[in-house]
Amino acid sequence: MLKTFSLQGRLGRLRYFLFNVAVIAIAAITVFALNRLLTLVGPRQAFSIQGLIALTYVLAIIASLCLIVRQLHDFDQSGWWTASVFVLHLVFSYYEAVGSLAAAILMGILVLAVHIAIFLTPDSKNPNRFGEVPVSAAAPV
């Protein structure tokens, strides 16, 4: 059973990377297809398609945050640290929206550095308070 939206257990770095790529790819393909559909429908259906696009973004964000929680569990950190990552993304989005290029670039670098640090931090080699060591990348998630 796929546990992409689970906050329990551990994930492993390879699966963390692969599932993040999958979430991004699925969201991008879905948004692209819905945007193409948006050009074909009238204004009446446009609102519901825009709602589906927003839902796609929300589901992708939730899935990514759940994956970060499980990756943090791999190196024995609380999943609550994910809130700080989410806040960094909100601050970056704010600076991007108001057009502050220098602040958006600096926040973008900080967000990227945090994501790289989460990915590159070595997993605990032993069981920890969040569960056993993940078996392999091919094991069920």
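Helices here are DSSP runs of H or I with at least four residues, numbered from the N terminus. With that in hand, let's take a walk through this predicted model.

Helix α2 covers residues 43-74 and includes L59. H73 is found in helix α2 as well. The table sets out how accessible these two residues are.

| Residue | Relative accessibility | Class |
|---|---|---|
| L59 | 41% | partly exposed |
| H73 | 5% | buried |

Buried means under 20% relative accessible area, so H73, at 5%, counts as buried.

As for H73, its contacts beyond the neighbours within four places in sequence are L7, Q8, G9, R10, G79, N128 and F130.

Helix α4 takes in residues 101-120. Within α4, the residues A103, A104, M107, V111 and I118 are buried. Looking down the axis of α4, the buried residues fall within an arc of 95°, so they line one face of the helix. What do these buried residues of α4 pack against? Their partners are α1 (13-40), α2 and α3 (82-98). On the face of α4 turned away from the buried side sit the exposed residues L101, A102, L106, I109 and L112.

Note on methods:
Residues numbered from 1 in each chain as written. Predicted model: local features only at pLDDT ≥ 70, side-chain atom pairs only at ≥ 80, totals over all residues. Heavy atoms only, no water. Helix = DSSP H or I, 4+ residues; strand = E, 2+ residues; numbered from the N terminus. Buried < 20%, exposed > 50% of the residue type's maximum accessible area, 1.4 Å probe, protein only. Expected span 1.5 Å × (residues − 1). Arc of directions from axis to C-beta. Contact = heavy atoms within 4.5 Å.
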